[in-house]
Amino acid sequence: MVLGIGEYPPEFNAKVHGPYDPSRFYGKPDTSFSQVKLGELIKWFGRRNYHPLAVGRAIGRGFWKWNLNWVQVKKPGMAPFVQAVMALSLFYYINQYPHLKYHRHVKYHW
């Protein structure tokens, strides 16, 4: 396929890693963000891959990690639905903020 979309990551090896897990990063492990010192922060950001395909894969890994932890469990409850509604509410507020900021200093809004 074009750009490797729909294929396994190039670092994945079924003989080494076993069954494929879409929420796992199969590349070379690096220092986690919580362990990075302030002096090493610029070098740490320099080692990140900002290619659009890599960013898309990172977003996909984050989605699958959330999905496996909150949705695909035996008894998921209401938490994933509440999280999705809150995320949509935050997105809507950020999207509407340029229009809402003009009502900030007005005594009678409507």
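Predicted model: local features only at pLDDT ≥ 70, side-chain atom pairs only at ≥ 80, totals over all residues.
Visitor: What volume does the largest pocket have?
Guide: About 980 Å³.

Visitor: How many residues line the largest pocket, and which lie nearest its centre?
Guide: The lining has 32 residues. Nearest the centre are F25, A54, R57, A58 and R61.

Visitor: Which helix gives the most to that lining?
Guide: Helix α3, residues 52–71. It supplies nine residues.

Visitor: And by class, what is in the lining of the largest pocket?
Guide: There are 15 nonpolar residues, nine charged and eight polar.

Visitor: Switching to packing. At what angle do α3 and α4 pack?
Guide: At about 140°, with the axes 9 Å apart. Helix α4 covers residues 79–100.

Visitor: Which residues make the contact?
Guide: From α3, W66, W70 and V71. From α4, A79, P80 and Q83.

Visitor: How do the residues of that contact divide by class?
Guide: Five are nonpolar and one is polar. None is charged.

Visitor: New topic. How many salt bridges does the structure hold?
Guide: Two. In one of them, the side chains of D30 and R47 meet at 3.1 Å, N to O.

Visitor: Where do D30 and R47 sit in the chain?
Guide: D30 is in the loop between α1 (14–17) and α2 (41–46). R47 is in the loop between α2 and α3. They are 17 residues apart, and the pair links distant parts of the chain.

Methods
Residues numbered from 1 in each chain as written. Heavy atoms only, no water. 1 Å grid on protein atoms, 1.4 Å probe; cavity = no way out; pocket = protein on both sides within 12 Å on 5 of 7 lines; lining within 4 Å. Points joined across faces, edges and corners; volume = space filled by probe spheres on them. Helix = DSSP H or I, 4+ residues; strand = E, 2+ residues; numbered from the N terminus. Nonpolar A, V, L, I, M, F, W, Y, C, P; charged D, E, K, R; others polar. Axes fitted to C-alpha atoms, helices over the stretch in contact; angles between N-to-C directions. Contact = heavy atoms within 4.5 Å. Salt bridge = Lys/Arg side-chain N within 4 Å of Asp/Glu carboxyl O.
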